[in-house]
Amino acid sequence: MRRLEADVCVVGAGFSGLMAARRLSEAGKHVIVLEARDRVGGRVHTVTEAGAVLDLGGQWVGPTQDRINGFAAEIGARTFVTYGEGSHLYASRSPAGASGKPKRFKGTIPPLDPWSLAWLGYGWAELDRRAKKVPLDAPWTAPRAREWDGQTVASFLDRHVRAEPARRMFRIAIEAVFACDPEDLSLLHALFYIHSAGKLDLLLSTDAGAQRDRFVNGMQPVAEELAKRVKGEIVQGAAVRSISQDASSVVVVASTVSVRAKRAVVAIPPTLAGRIDYSPALPADRDQLTQRVPQGSVIKCLAVYDEPFWRKQWLTGQSISEVGPCHLTFDASPASGSPGVLLGFVEGGAARALARQPLAERRTSVLECFARAFGGRARRPEHYVDKSWADEPFSRGCYAGYLPPGVWTSHGSALRAPIGRLHWAGTETATRWNGYIDGALESGVRAATEILKEER
Ligand SMILES: Cc1cc2nc3c(=O)[nH]c(=O)nc-3n(C[C@H](O)[C@H](O)[C@H](O)COP(=O)(O)OP(=O)(O)OC[C@H]3O[C@@H](n4cnc5c(N)ncnc54)[C@H](O)[C@@H]3O)c2cc1C
């Protein structure tokens, strides 16, 4: 066992932990980062397979994500705009469950009948209107916090969106944003999250929202650049199992290394933070919070073709289908446009069901979805890869932790509040772009600032 000493020990080398470590080390603190995986980046993971750079985790950045865009500019990381020339596709589902013929459309709103569009517009505006009333630093203090936290997004939709096709569209949108089913999600959390991004359109839109830009070399090199700017040691393969603290120090213990420091930043999702053994035990409020913030369920699926053949049919590669398991696709081809890559997401209950299938069956199900939208050629990629993030021991689900009903109003204040010498970071603790890379960076800065105030 290596025994190390530092001013601050950071647990986790995702964007949040790396940002905290960078800020602290730049302020002159001796920092050691302990990372469980054998790479930095956490929920971003870029691989090169079949001649394509493939992001198996986080990949997009968009307008108003000033921290990640600012860092990208600092390191000169080249971005490009998600392919958007032509039309998107939308396929409805018949009462018997069969897929309708895909219809072309442009923009964010699919071509529903006028009655359903009116209800979609009403539900959308109502969510945006309510979201503005949720304070970002304390959602539990919103004027109608108890009422909104006492219901799910599904109950909101049942009550306020009276057209079934519009409700189905909201389901797909909610699953796409939270990787959980509307029945699982607190309305208050959804409203907080919308406000945290700005408005619903910024969350959902590709050309003007969170799915707008990608990095030419993928997202993981961006995390690696951040790691290079940490003036301190990053120990990989070091899964932290226990943290003890007394009046003057903390001791953070991983399998092969322990670090004694003045303070620690725990920069991992709440549910994983809850699996660390703390001494003395954490207050009940904090421990119960970590028992109540599950990670979403998502499988990210990528198929590589010799060319992006859908572009020849004047299609963007973006599709929405009411028939799963894959309800959404995007063009994930490299900036050069070759090879062609289709990306599909399977989320929530559908992801849990599909993850139980062997890879060959997952592949067939996903490619069938691609073929319904883009034709038989989509069934014959040169390469297929998917990643089920719930199976990752050091993520246990993605895109992020979400709050089910009742959690914000019963335990919300325990999310960020430091406990003695322990500080909490991670995108789940962010006020702006919660759940996103930008939010992870915000949380790292905030945790570092807390420590610098205490340890002048
Ligand atoms: C499929 C997918 C698509 C996504 N798409 C986007 C997107 O397009 N744009 C966007 O902005 N965001 C996206 N996200 C979300 C984004 O990736 C995350 O919000 C962000 O990376 C979280 O960073 P973090 O530092 O908070 O947490 P993590 O990245 O989870 O970092 C935590 C780190 O701690 C490590 N760790 C865990 N437990 C321990 C332990 N006990 N000891 C030591 N180390 C530990 C983990 O290995 C990890 O490296 C996506 C995520 C996924 C999975």
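Guide: Two residues are in contact if their C-beta atoms, placed from the backbone, lie within 7 Å. This is a predicted model: local features need pLDDT of at least 70, side-chain atom pairs count only at pLDDT 80 or more, and totals for chains, interfaces and linings use all residues. Residues are numbered from 1 along each chain as its sequence is written.

Visitor: How many residues of domain 1 are in contact with domain 3?

Guide: On that cut-off, 13 residues of domain 1 are in contact with 18 residues of domain 3. The domain bounds come from an automatic or database domain assignment. Domain 1 is 2–42 + 220–294 + 404–454, and domain 3 is 120–197. Their centres, taken over C-alpha atoms, are 29 Å apart.

Visitor: Why is the ligand said to lie between domain 1 and domain 2?

Guide: Both domains give residues to the shell around the ligand, so it lies between them. A residue is near a molecule if its C-beta atom, placed from the backbone, lies within 6 Å of it. Of the 39 residues around the ligand, G12, G14, G42, G58 and C398 come nearest.

Visitor: What makes R362 and V366 of helix 13 buried?

Guide: A residue is buried if 20 or more other C-beta atoms lie within 10 Å of its own, and exposed if 12 or fewer. R362 and V366 are among the buried residues of helix 13. On the other side, A360, E361 and T364 are exposed.

Visitor: Why are the buried residues of helix 13 said to line one face?

Guide: Seen down the axis, they fall within an arc of 150°, so they line one face of the helix. The arc is that of the directions from the helix axis to the C-beta atoms.

Conventions. Helices (H or I, at least four residues) and strands (E, at least two) are DSSP runs, numbered from the N terminus.
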